[in-house]
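Trainee: I would like a close look at one helix packing in this model, with some context on the chain around it.

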Amino acid sequence: PMDRRTIAGLQVLLTLSTAGFACTGSFLAVFYRERGFSTTHMGLLFSGAALIGLVAQPFWGFLADKGWGKKRLLVLLLPVAALLAVFVPMQDGFGMTALFIWGISLFQSGIQPLSEALTLDVAQASLETPATGRKPVSYAFLRSFATAGFAVANLLIGILVERSGASVIFAGYALLLVLSLPAVLLMRVREHAGMRTHAADNPLLPILGRPAVLLLLGGVFLVTMAYIGGANYMNELVTAIGGLPSQLGLLWFVTCVVEYAVFFPVNRLIARFGILRVHRVGIALYAVKFILCALAWNMGSLYVAQALEGMAFTLFMVTAIERLNRITPPQHRASMLGIYGAVCGFGSLAAGLFGGLLLRV
């Protein structure tokens with residue numbers, strides 16, 4: 001039967017590591033502003049980190065599928081990213097700050113796709129050999145723990161930033177990543193029989209060349225560019241309409257509460273309407289969200305916009321991952337999710353470059 005400790009370990013890993021990402025992901029712009037960096041500097045920092053992630057994510061996925069293993073790589077990546085984060089607040093100038101931020105991106109870029117691949121592995125193993133006395137767990141259910149961690153971290157870190165300054169985000173990031181390390185060691189994931197098939201028997205390149213896959217990844221790039229651009233510079237919008245850093249944390253908390261709620265019916269929606277229809281609804285909700293952001297006149301309108309993002313993100317992300325999972329052989333799962341992450345990184349790169357330029361006008 002499926003080891004209960006593995007499910008629990010994965011839930012802890014997703015909760016704590018994603019909470020760590022929330023500490024820096026939502027408040028990096030606040031830290032950069034505190035250090036006196038211009039919007040051009042901010043754009044370079046965001047886009048440089050995205051460029052490194054673009055290259056590194058497929059690399060980590062390839063290593064995992066070629067024998068290193070997802071768990072082994074996570075045991076390496078989590079503490080190194082945490083250690084680099086400790087040194088960021090000690091840097092004064094733009095150059096050294098950029099060096100450490102981009103170093104974090106190099107190692108962090110592998111954590112999320114490898115965690116996603118483990119989540120799919122556990123969901124599949126749970127379906128085939130469920131734990132005694134437990135129903136099989138779905139990808140959406142497991143992924144909801146990441147959303148819960150992201151929500152709580154955003155709420156708390158926003159308060160801490162307002163009271164202690166933005167440097168606290170790196171302490172929170174490092175602590176949460178280190179605390180998630182024992183959860184990885186606790187997991188016992190047995191490979192599916194198909195994962196042992198030699199990669200040459202079912203190469204990945206022809207799968208990537210399918211028009212359906214290319215269209216899906218193209219959509220992921222465009223939506224990610226919009227989504228990350230909005231996330232990177234949400235602090236600028238909040239400030240422009242008179243908000244505070246603590247309200248920025250509350251905005252993302254509202255987003256995650258809605259996101260968490262939508263994780264539970266998403267599988268039923270996919271079963272009833274199909275993956276592609278639900279995927280398109282997610283894109284449409286994102287469009288409406290950004291229209292509201294463009295017209296925002298007070299914090300209330302932004303709370304509505306971010307609630308829409310909570311719905312949009314869950315529908316869009318779950319359907320994209322599920323679609324790729326259905327068409328990718330298990331032995332290429334980490335590599336495909338690394339490529340998916342790289343496409344997201346390309347969108348992040350474009351968002352960092354163009355977002356900083358747009359802020360100037």
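How many helices and how many strands does the chain have? And at what angle do helix H12 and helix H14 pack, and which residues make the contact?

Mentor: The model is predicted, and the chain in it has 15 helices and 0 strands. The pair you ask about consists of H12, residues 266-273, and H14, residues 299-327. Their axes lie 11 Å apart and meet at an angle of about 60°, and the crossing is right-handed. On the H12 side, the contact is made by Val 266, Asn 267, Leu 269 and Ile 270. H14 contributes Leu 315, Val 318, Thr 319, Glu 322 and Arg 326. Sorted by class, the residues in this contact are 5 nonpolar, 2 polar and 2 charged.

As for the chain around this pair, contacts can be sorted by separation in sequence. Taking those between residues at least 6 apart, 84% join residues at least 24 apart. Of the 361 residues in the chain, 55% are buried, that is, under 20% relative accessible area. The accessible surface comes to about 15400 Å², and carbon and sulfur atoms account for 69% of that.

Along the principal axes, the C-alpha atoms fill a box of roughly 55 × 45 × 40 Å. The radius of gyration is 19 Å, which agrees with a compact globule, because a globule of 361 residues would have a value near 21 Å.

Technical notes
Residues are numbered from 1 along each chain as its sequence is written. This is a predicted model: local features need pLDDT of at least 70, side-chain atom pairs count only at pLDDT 80 or more; totals for chains, interfaces and linings use all residues. Side-chain values use heavy atoms; hydrogens and water are left out. Axes are lines fitted to C-alpha atoms, for helices over the stretch in contact, and angles run from 0 to 180 degrees between N-to-C directions. Helices (H or I, at least four residues) and strands (E, at least two) are DSSP runs, numbered from the N terminus. A crossing is left-handed if the near helix is turned anticlockwise from the far one by less than a right angle, and right-handed if clockwise. Contact means heavy atoms within 4.5 Å. Ala, Val, Leu, Ile, Met, Phe, Trp, Tyr, Cys and Pro count as nonpolar, Asp, Glu, Lys and Arg as charged, and the others, Gly among them, as polar. The radius of gyration is taken over C-alpha atoms; the globule rule is 2.2 Å times the number of residues to the power 0.38. Buried means under 20% relative accessible area, exposed over 50%, partly exposed in between (1.4 Å probe, protein chains only). Accessible areas come from the Shrake-Rupley method with a 1.4 Å probe; for residues, only the protein chains shown count as cover.
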